[in-house]
Amino acid sequence: MKRWIKWTAGSALLLAVIVAAAAASGLYLAEQKRNRYIDIKPRPVAYTTDAQTIERGRYLYASRGCTDCHGAQGTGREFVNDGKGTRLAGPNITAAGVVARYQPEDWNSVIRHGVKPNGRPLLVMPSEDYNRFTNDDLNALVSYVRQFTPQEGTQAVVELPRPAWVLYGLGAIPDAAARIDHQLAPSRPVPAGVTVANGQYVANMCIGCHGADLSGGKIPGGPPDWPAASDLRPGKDGSAMARYASSASFVTMLRTGKRPDGTPIQVMPFESLGQLSDVDAQALYLFLTAPGAHANLGGAGAGVGQAPAVKDVGVGAASVDAGSDAHLVRVEQPVLQPRPSNVPSVGSGLRMPG
Ligand code: HEC
Ligand code: HEC
């Protein structure tokens, strides 16, 4: 009996030591990870003031989630504060904020690749949702953001509980830059319309939460009390889409945030989803219910709308060509690298325990 107690106490102590060591190294690795330097050279974004393009940019900003985290005027806003250690705020992205000194290629790096101009990974922002933007859509979105009135706003806040940082450090919660295939050429232009191809294009904004294959599950890095994202795989038995017998009921769900039985759906960014046009919402429905449709959106093998190969473009004016498929001049896969001495450390506002 005594021996048994001794043995239990001994192994409990050992376990505690192992857990503490794992946590400590997890926090250390998290610090390394968010300070890693990601060497990508994306193509510059072509700025425009053309009214029709700005209107497209306004639509993308409102419907693809930017408003939820950066506010309708781009001044930034707190979007999660659960009182239990998770507090998140998107920064001011008017010309008076973090983007003040952006070069045309920095917008591409941040939005499509999840990499800040200083080479550090963005945290929390779902750039994997935006990686498939066509060049035209990226140009439109950025041109819209650039015409926000410069004004005071909030700083980025990424406060997560200790276990989340440990999981990030250990690789269980990868940041967007780690999830994105930076070699992939941008999507080919996708004609507007109620088509499976357009639906697949729009569905890219769902992968940050529902996963690259739309199979759902726990949202990486989300607060523990968030429900798992639903399985949306086209034609799969467990798909939540079974609840939506018509595109009308699905579109109503996007507009109201409620299931057909009237119960509210949690976590989904309805402020943005409700802004999707009828055409895009119906196309989404078509895609999510298409028998046999392939929903491999994020990674290699993405289907419709994806350019076949990355064409290497030169540096300078030639790469501004919006018609070009390629947007990366030079790419290396993200790896842990020491910070070059000329790159400042991650800005304030990102708080990590210990
Ligand atoms: C789920 C919330 C969320 C959404 C959606 C989102 N962002 Fe962000 N964004 C953030 C957070 C948080 C940061 C700060 C990240 C950090 O500092 O690590 C950020 C940072 C930025 C930055 C500044 C990066 C820097 O520090 O230089 C820009 C520019 C930006 N976002 C633009 C956009 C645009 C455009 C969209 C829509 C296509 C968008 N964001 C969608 C949360 C979001
Ligand atoms: C910020 C994360 C997030 C994003 C972005 C998101 N979802 Fe969801 N979604 C969830 C979560 C979490 C649930 C489960 C909600 C619940 O159980 O109350 C869910 C549930 C659903 C459901 C099931 C609703 C039901 O009847 O139970 C559908 C359908 C759905 N999402 C479609 C989409 C589509 C389409 C997109 C993109 C256009 C999208 N979601 C984007 C988090 C997200």
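Helix α3 gives the most to the shell around ligand 1, with 4 residues. The structure is a predicted model, in which local features need pLDDT of at least 70 and side-chain atom pairs count only at pLDDT 80 or more, while totals for chains, interfaces and linings use all residues. Residues are numbered from 1 along each chain as its sequence is written, and chains are lettered from A and ligands numbered from 1 in the order in which they are written. Helices (H or I, at least four residues) and strands (E, at least two) are DSSP runs, numbered from the N terminus.

The shell around ligand 1 holds 27 residues, of which G65, C66, C69, M125 and A156 come nearest; a residue counts as near if its C-beta atom, placed from the backbone, lies within 6 Å of the molecule. The elements that give two or more residues to this shell are α3 (66-70), β3 (87-90), α4 (104-113) and α6 (135-146). By class, the shell has 21 nonpolar, 3 polar and 3 charged residues. Here Ala, Val, Leu, Ile, Met, Phe, Trp, Tyr, Cys and Pro count as nonpolar, Asp, Glu, Lys and Arg as charged, and the others, Gly among them, as polar.

Strand β3 also takes part in strand pairing, for which DSSP must find at least two bridges between two strands. Strand β2 (residues 77-81) runs antiparallel to β3 and is joined to it by 4 bridges, with N81 opposite R87. In the hairpin of these strands, which has 5 residues between them, G83 takes a positive phi near 70°. Strand β3 also pairs with β4 (residues 157-159) in the antiparallel sense, over 3 bridges; there A89 has V157 as its bridge partner.

Two packed helices are described by the angle between their axes and the distance between the axes. Axes are lines fitted to C-alpha atoms, for helices over the stretch in contact, and angles run from 0 to 180 degrees between N-to-C directions. Helix α1 (residues 2-34) and helix α7 (residues 162-169) cross at roughly 70°, their axes coming within 7 Å. That makes α1 roughly perpendicular to α7, a term for angles of 65 to 115 degrees. Among the residues that meet are A23 and L27 in α1 and W165 and Y168 in α7, contact meaning C-beta atoms, placed from the backbone, within 7 Å.

Helices α11 (residues 247-256) and α13 (residues 278-289) pack at an angle of about 120°, with their axes 9 Å apart. In this contact, S247, F250, V251 and L254 in α11 meet D278, A281, Q282 and Y285 in α13. These residues divide into 5 nonpolar, 2 polar and 1 charged.

Key:
Contact = placed C-beta atoms within 7 Å. Parallel < 35°, antiparallel > 145°, perpendicular 65-115°, else oblique.
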